[in-house]
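Take a look at the chain below. We will walk through its rings, its strands and its charged pairs.

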Amino acid sequence: MPETPAPLRLEATSVGRPAGIPAAAAEAERRGIDRFTLSETSYDPFLQLARAADRTEEIELATGVAIAFARTPMTLAYEAWGVHEASGGRAVVGLGSQVKPHVVRRFGMPWDSPAARMTEYVAAVRAIWHSWQTGERLAFRGDFYSHTLMTPVFAPEPVAAGTPPILLAGVGPLMTRAAGAVADGLICHPFSSVQHLAGTVLPAVRDARAAAEAAAEPWTSRPFEVVGSVLTATGRTEEELAANVRGVRERIAFYASTPAYRPVLEAHGWGGLHDELHPLSVRGRWKEMGELIDDQVFDAFAVAGEPAEAAREIHRRYTGLVTRLSVHAPDGADPELMLDVLGAVRRIDTTSG
């Protein structure tokens with residue numbers, strides 16, 4: 001008999017204001033969600049997750065993503081360790097590179113050779129954590145980062161749960177391969193179709209992971225995660241659903257206008273859509289951009305329907321392809337709707353299992 005796919009682990013993603021984050025994490029835990037994840041947009045996610053740790057007991061607390069190159073490895077190591085210790089070992093660190101203009105012009109930090117830099121960044125963070133966890137001398141020297149000083153007064157206490165997992169977000173071939181090579185998992189970008197994931201992204205990731213396992217790299221003792229990020233338009237009424245479909249079309253248009261993401265469109269033969277959208281994005285014509293996303297493009301990158309209907313389609317597409325599922329709503333959507341969808345996915349898994 002064919003092997004039954006493992007149930008999808010579920011992840012609730014939030015970008016809310018700080019005052020509401022502890023309650024949002026507690027509600028996700030109450031609903032049986034496995035992980036609560038915060039994106040880094042207008043606020044530092046580590047500060048918010050540390051507050052959420054006080055209101056939760058079991059749910060994992062993750063960044064999805066924190067901007068790696070906005071911080072040194074040491075800065076990131078301290079922030080993540082604080083959440084890990086405060087939560088009793090429940091932190092998960094999702095990292096992303098962000099595009100060059102934001103890193104250089106917004107954060108004032110260097111950005112070059114992003115995949116190579118990220119590979120070394122992860123190794124540096126792990127070396128720092130290893131020093132804290134074991135008391136061994138810190139002696140990390142690389143091409144981009146060097147960390148060779150750690151005295152007892154500046155070293156946090158070890159955490160019984162061990163060091164946090166590190167997941168990498170990636171779209172292009174170099175960064176997704178880096179995730180397979182050095183991370184504990186890949187966070188798939190929301191602008192990823194099932195076709196692109198199954199045919200291009202995941203085979204390369206698995207090859208890189210297999211090489212790391214063959215080399216007996218210490219982090220490979222943990223199972224590798226693939227987090228599927230699904231753009232989802234749902235609603236309890238026709239009006240709410242229609243508004244969220246418009247919002248998702250605009251989000252798809254925003255991603256499709258980004259030069260770095262053009263290869264995803266080209267995998268479907270839609271490279272010309274980027275050429276239409278990019279000039280509009282420069283002029284901030286977001287609504288007009290959304291109107292260029294037809295049903296075929298929408299269906300490739302997103303799911304729509306009332307919560308149970310959306311959950312069925314998500315389950316059909318992603319079971320057996322990813323190990324963990326995160327659903328993403330358009331700006332302004334009711335966050336409870338995403339929890340409704342995740343709950344419906346869990347019920348389908350329970351029934352089918």
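How many aromatic pairs does a search of the whole structure find? The search finds twelve. Here rings of Phe, Tyr and Trp (its six-membered ring) pair if their centres lie within 6.5 Å; planes under 30 degrees apart count as stacked, over 60 as edge-to-face and the rest as tilted. One of the pairs is Phe191 with Tyr261, which is tilted, at 6.2 Å centre to centre and 40° between the planes. This pair links distant parts of the chain, 70 residues apart. Phe191 sits in the loop between strand E8 (185-188) and helix H7 (194-214), and Tyr261 in the loop between helix H8 (238-256) and helix H9 (262-266). Helices (H or I, at least four residues) and strands (E, at least two) are DSSP runs, numbered from the N terminus.

A note on the basis. This is a predicted model, in which local features need pLDDT of at least 70 and side-chain atom pairs count only at pLDDT 80 or more, while totals for chains, interfaces and linings use all residues. Residues are numbered from 1 along each chain as its sequence is written, and side-chain values use heavy atoms, with hydrogens and water left out.

Are Phe191 and Tyr261 buried or exposed? Phe191 is buried, at 1% relative accessibility. Tyr261 is buried too, with a relative accessible area of 16%. Buried means under 20% relative accessible area, exposed over 50%, and partly exposed in between (1.4 Å probe, protein chains only). Both rings belong to one aromatic cluster, formed by Phe191, Phe254, Tyr255, Tyr261, Trp270, Trp286 and Phe301.

Now turn to the strands. Strand E4 (residues 91-96) is mostly covered: six of its six residues are buried. In a regular strand the side chains alternate between the two faces of the sheet. In E4, Ala91, Val93 and Leu95 point one way, and Val92, Gly94 and Gly96 point the other way. Strand E3 (residues 60-67) runs parallel to E4, joined by five bridges. Two strands pair if DSSP finds at least two bridges between them. Leu61 has Ala91 as its bridge partner in E4. Ile67 also lies in E3, and is buried at 4% relative accessible area.

Charged side chains come next. Side chains of opposite charge can pair when their charged atoms come close. A search of the whole structure finds 27 salt bridges, each a side-chain nitrogen of Lys or Arg within 4 Å of a carboxyl oxygen of Asp or Glu. Among them is Arg236 with Asp340, whose closest N and O atoms are 3.2 Å apart. Arg236 lies in the loop between strand E9 (225-233) and H8, and Asp340 in helix H14 (residues 335-352), so the pair ties together parts that are 104 residues apart in sequence. Arg236 is partly exposed at 46%, and Asp340 is partly exposed at 22%.

Other salt bridges sit within a helix. Arg262 pairs with Glu266, the closest N and O atoms being 2.7 Å apart. They are separated by about one helical turn because they are four residues apart in helix H9. Arg317 and Glu313 pair at 2.8 Å between the closest N and O atoms. They are four residues apart in helix H13 (residues 307-318), so about one helical turn separates them. Arg317 is buried at 16%, whereas Glu313 is partly exposed at 22%.
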